[in-house]
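Work through the exercises below with the sequence and the 3D structure at hand. Each task is followed by its solution.

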Amino acid sequence: MTVSISISAVRRNCCLYILMGMEAWKILLLLLCGHVLSIQVFGVPGTCPADVGSKCEDDDWKGEFFPDIPKIKYEGPSSKNPLSFKWYNAEEEILGKKMKDWMRFSVAFWHTFRGTGGDPFGAQTKFWPWEDGTNSLAMAKRRMRANFEFINKLGVDRWCFHDRDIAPDGKTIEETNANLDEVVALAKELQGTKIRPLWGTAQLFLHPRFMHGAATSSEVGVYAYAAAQVKKAMEATHYLGGENYVFWGGREGYQTLLNTDMGRELDHMARFLEAAVAYKKKIGFNGTLLIEPKPQEPTKHQYDWDVATTANFLRKYGIIDEFKINIECNHATLSGHSCHHELETARINGLLGNIDANTGDPQIGWDTDQFLTDIGEATLVMLSVVRNGGLAPGGFNFDAKLRRESTDVEDLFIAHISGMDTLARGLRNVAKLIEDGSLEALVRKRYSSFESEIGAQIEAGKADFEMLEKKAMEWGEPKVPSAKQELAEMIFQAAL
């Protein structure tokens, strides 16, 4: 039975029946009145049903999503305008490249457009004006339009996505794929010729089916489902012109070894990645495959703990030439390292592929995904990037979210501007350090003894133990000079 209720009639009858003193009607209609008032105050909840299969207009949103936000421009360090860049000047050339080519900034769809502000102790705090409270296909398309308006106003030309963040799950794989196809077709249209994904990926951690993992699940049906999902996500990334594809194994690990066959799970993960490499080549996707290490959370132990662990895994299974590493700074600190350490470990192994630009709070022991605003850390990050010759075809993805208490639409822009300016300032500082040359000279002097003939033989692998023993006897007790750590720190700080 369908019941149609006129809001004006309910409002009128609320007053009528309450005045009549009819107890049952009074209680019922007081509830109805409260509902009407909530609609009047907060707006009609959900212009589109949550059921993705429901019949619904594509979208009824009119006009801009960010009407009060202008296109963000560079105004220089003296500007007091929060909606402007102070240090990031996209076209300015530094160390032989334009800033935009050093940075290759990207907006993360999931944090920017799917972040709710909720946490384990509190409910949603962010209610963006364009949201209707549903996970409908129409709402997914609306978010995608908001995404590209945001990207254009911010002045970047890359974005990143998980498949399930941009399109809703259906009741079957076929229905889910059809939903993704519709949203991806719209994204392709909105991208134009200048914007493309920095990377895409499959969300293999949220749904209950992945509670034991995806590629490392104990259930073969889940393994197959994960493969089908990665196949489709890789196709979508390829279709959109994506430059990379990421594997983040949030559930690829264990809670206890008592019920885990770790060797078998690692073998399964390797077979999964081998299949991904084969399919990438089959469809002609020329993007880089990236693995994103993280030590734990949500699992107790994640198999790709840090860069060194990941590199060893790739070497063991003979696939190290097929992958590079996407380093997230907050993940680095969770593994007990600095972001600079992880970047350098990846760089010297030829594996630095991309950076998820964020940071954590040193007082909090979990992945807080904050925007990087520490100038010193940003300078160390950019030092590794410059030594690497850049990140292309990778870049900087802002895998960072607003704080729970930041709830204004303009906060989305302010956070990204701050993050971009921080890294831009880091690049400028690296240019100062290189121009000054003092830090490089200090390091070169520290290792100057290896510039000798015997040092060259050691580095060429031509010095055996017998030769080195003779030299040790000839030279006697070695003199060990100061490492000059405080001077190195002084030089570094002077550049900030």
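**Exercise 1. Find the angle and the axis distance at which helix 13 and helix 14 pack, then describe their contact.**

Step 1. Locate the two elements: helix 13 covers residues 375-387 and helix 14 covers residues 409-436. Helices (H or I, at least four residues) and strands (E, at least two) are DSSP runs, numbered from the N terminus. The model is predicted: local features need pLDDT of at least 70 and side-chain atom pairs count only at pLDDT 80 or more, while totals for chains, interfaces and linings use all residues. Residues are numbered from 1 along each chain as its sequence is written, and side-chain values use heavy atoms, with hydrogens and water left out.

Step 2. Two packed helices are described by the angle between their axes and the distance between the axes. Here the angle is about 65° and the axes are 7 Å apart. Axes are lines fitted to C-alpha atoms, for helices over the stretch in contact, and angles run from 0 to 180 degrees between N-to-C directions.

Step 3. List the contacts (heavy atoms within 4.5 Å). From helix 13, the residues include Ile375, Met382 and Val386; they meet a set in helix 14 that includes Leu423, Gly426 and Ile434. By class, this contact has 11 nonpolar, four polar and one charged residues. Ala, Val, Leu, Ile, Met, Phe, Trp, Tyr, Cys and Pro count as nonpolar, Asp, Glu, Lys and Arg as charged, and the others, Gly among them, as polar.

**Exercise 2. Identify the residues with the most contacts inside the largest nonpolar core.**

Step 1. A nonpolar core is a set of buried Ala, Val, Leu, Ile, Met, Phe, Trp, Tyr and Cys residues joined through side-chain atoms within 4.5 Å. Buried means under 20% relative accessible area, exposed over 50%, partly exposed in between (1.4 Å probe, protein chains only).

Step 2. The largest core has 76 residues, and Phe66, Trp130, Leu154, Trp159, Ile166, Phe396 and Leu423 have the most contacts inside it. Helix 14 gives the largest share of this core, 11 residues.

Step 3. Take Leu154: beyond its neighbours within four places in sequence, its contacts include Ile72, Phe85 and Phe413.

Step 4. A second, separate core has 31 residues, among them Leu204 and Phe210.

**Exercise 3. Determine whether the residues of strand 8 are buried or exposed, and find its partner.**

Step 1. Strand 8 spans residues 244-247; Asn244 and Val246 on one side, and Tyr245 and Phe247 on the other, are all buried.

Step 2. Strand 8 runs parallel to strand 10 (residues 288-291), with four bridges between them. Two strands pair if DSSP finds at least two bridges between them. Phe247 has Ile291 as its bridge partner.

**Exercise 4. Describe the backbone at Glu297 and at Ala392.**

Step 1. Most residues other than glycine have a negative phi, and most peptide bonds are trans.

Step 2. Glu297, in the loop between strand 10 and strand 11, has a positive phi of about 75° although it is not a glycine. Glu297 is partly exposed, at 29% relative accessibility.

Step 3. The peptide bond from Glu297 to Pro298 is cis, with omega near 20°.

Step 4. Ala392 and Pro393 are also joined by a cis peptide bond, with omega about 5°. Pro393 lies in the loop between helix 13 and strand 14.
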